[in-house]
Amino acid sequence: MTSHEPWSPATLCVHAGHRASAAQRAVVAPLVHSTTFLLDDTAYSAMTQGRASEAWIYSRIRNPTLDVVQERIAALEGAERCVVFSSGMAAIHAALLATAQSGGSRVVAHREIYGSTWDLLAHLLAPLGIASEFVDLNDPRARGAALARGADVVYLESITNPSLDVPDLQVIATEAHAAGARVLVDATFATPLLQRPLDLGADLSIHSATKYLGGHSDLIGGCVSGQADLMARVFRWMQLAGGCLDPHAAFLLDRGLKTLPLRLECHQRNALELARRLAGHPRVERVLHPGLESHPAHERALRNLQGFGGMLSFVVRGGDEAALRAVRALRLALEASSLGGVETLVSLPCNTSHARMSAAERAAAGIPPGLVRVSVGIEDVADLAVDFERALTAA
Ligand SMILES: *Cc1c(COP(=O)(O)O)cnc(C)c1O
């Protein structure tokens, strides 16, 4: 693998992982659908020496189109290796099992994490002997007490969903390592452009590539990046549990990644402007966006991120029913879950990502009634502002 260190992220997004050359003349990386490849002496010796992941043998193990995006994301993350997966959840599952693999292991997770990750930890991994405790990792006493009870893995997100909190990753990672735990960060909301978790002490950086990395709401994928030894274990989970990315999805991801810096710049500009406009609306009780000085994590965001991201949440006066009425009155923004695409999407955590939680559990996770989450797209922000202001007034 060539070193990409002197290149800046915007250049890496366009070029890392594939370069046209005399040998490979295609400017755009070819989409290789083939499931299998001609065997030769190199492939046989790789297999007999236990290095199958290094040879092109079978596409669940290695595929040229997947190589392109894996090398590009590793370069963006400052990682030795990236492995892509069929979804963000497949990536999270593999990262957790690669680091908490023995029965009787303990995960200390931030109290506010993606709903399906919470569900995975609380309901599928717990019966297998991987116990999870959900704590406020921003609270030094709660954090210290949880680590003192023993931890193999500390799990958090760069920017949390939906209250857009920004944990102090460097501080948390230092304490977690002192307690003997590995640190896993889901950096989906931040992208590698706003935070490189490995630089701040994380052992593995995870993304749902479905979101900003793909960027067009047309692929499901995930990735895990880290140093080579730990990634060899993550790779084993991909290879044997079988959550490999489809080459066509990898091709779409290759295409999407090229414009990530441009898209993100626009998402961020629009999100901050819309957050300011919504904060002045009489039907809005509160706006949560890390770029607003009123946000409790504003200072932590300045320390931990290169920007404030494209997500915002707001609390509609009158609770979940009023919020749903407002969302239904929107004409431009679309009522759909997911995020990070070019189109503005709105959803309520209470009936989507956090529907499996009780109202009390949602409150404990920092989700008040009436909360609406917005993935701000790249439309003209003046049109978005008109849409939201009109819908709120009508509801
Ligand atoms: C969407 C999402 C996931 C899950 O990713 P999928 O690609 O849907 O499997 C995990 N974490 C975060 C923060 C997400 O937004």
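A residue is called buried when its relative accessible area is under 20%, exposed when that value is over 50%, and partly exposed in between. The model you are looking at is a predicted one.

With that cut-off in mind, select His289, which sits in the loop between strand 8 (284-288) and helix 12 (298-304). His289 counts as buried because its relative accessibility is 1%. Show its side chain and the backbone of Met311, and you will find that the side chain of His289 reaches the backbone oxygen of Met311 at 2.9 Å. Once neighbours within four places in sequence are left aside, the residues in contact with His289 are Leu164, Ala271, Leu272, Ala275, His295, Phe308, Gly309, Met311 and Leu312.

Next, colour the chain by its two parts, domain 1 (9-30 + 63-258) and domain 2 (261-394). The C-alpha centres of domain 1 and domain 2 are 24 Å apart, and the contact between them involves 39 residues from domain 1 and 42 residues from domain 2.

Now select Ile73, Val84, Leu213, Leu253 and Leu257, which touch the most other members of the largest nonpolar core, a set of 36 residues. Helix 1 (9-15), helix 3 (64-77), strand 1 (81-85), helix 8 (191-194), helix 10 (247-258) and helix 11 (260-279) are the elements that each give two or more residues to this core, and the largest share, six residues, comes from helix 3. Both domains take part, since domain 1 and domain 2 each supply at least three residues to this core. In soluble globular proteins, nonpolar side chains tend to be buried together.

Stay with Leu257 for a moment and display its surroundings: leaving aside neighbours within four places in sequence, Leu257 is in contact with Cys13, Val69, Arg72, Ile73, Leu76, Leu213 and Arg263.

For the next stop, select Val153, which has its place in strand 4 (residues 153-157). Is Val153 buried or exposed? Its relative accessibility is 0%, so Val153 counts as buried. If you draw a distance between C-alpha atoms, Val153 and Val183 are separated by 5.8 Å, although they are 30 residues apart along the chain. Not counting residues up to four places away in sequence, Val153 touches Leu96, Thr99, Ala100, Arg106, Val107, Val108, Ala181, Arg182 and Leu184.

Turn now to the ligand, which is surrounded by 13 residues, the closest being Met89, Asp186, Ser208, Thr210 and Lys211. The largest share of this shell, three residues, comes from helix 4 (residues 88-99). Asp186 contributes through its side chain, with a polar atom 2.6 Å from a nitrogen atom of the ligand. The ligand on its own has 380 Å² of accessible area, of which the protein covers 92%.

Finish at Gln24, in the loop between helix 1 and helix 2 (41-48). Gln24 counts as partly exposed because its relative accessibility is 41%. With neighbours within four places in sequence left aside, Gln24 is in contact with His18 and Arg19.

Key. Residues are numbered from 1 along each chain as its sequence is written. This is a predicted model: local features need pLDDT of at least 70, side-chain atom pairs count only at pLDDT 80 or more; totals for chains, interfaces and linings use all residues. Side-chain values use heavy atoms; hydrogens and water are left out. A nonpolar core is a set of buried Ala, Val, Leu, Ile, Met, Phe, Trp, Tyr and Cys residues joined through side-chain atoms within 4.5 Å. Buried means under 20% relative accessible area, exposed over 50%, partly exposed in between (1.4 Å probe, protein chains only). Helices (H or I, at least four residues) and strands (E, at least two) are DSSP runs, numbered from the N terminus. Domain bounds come from an automatic or database domain assignment. Contact means heavy atoms within 4.5 Å. A residue is near a molecule or strand if one of its heavy atoms lies within 4 Å of it. A polar contact is a pair of N or O atoms within 3.5 Å; within protein, one must be able to donate a hydrogen and the other to accept it, and residues adjacent in sequence count only if both atoms are side-chain atoms. Accessible areas come from the Shrake-Rupley method with a 1.4 Å probe; for residues, only the protein chains shown count as cover.
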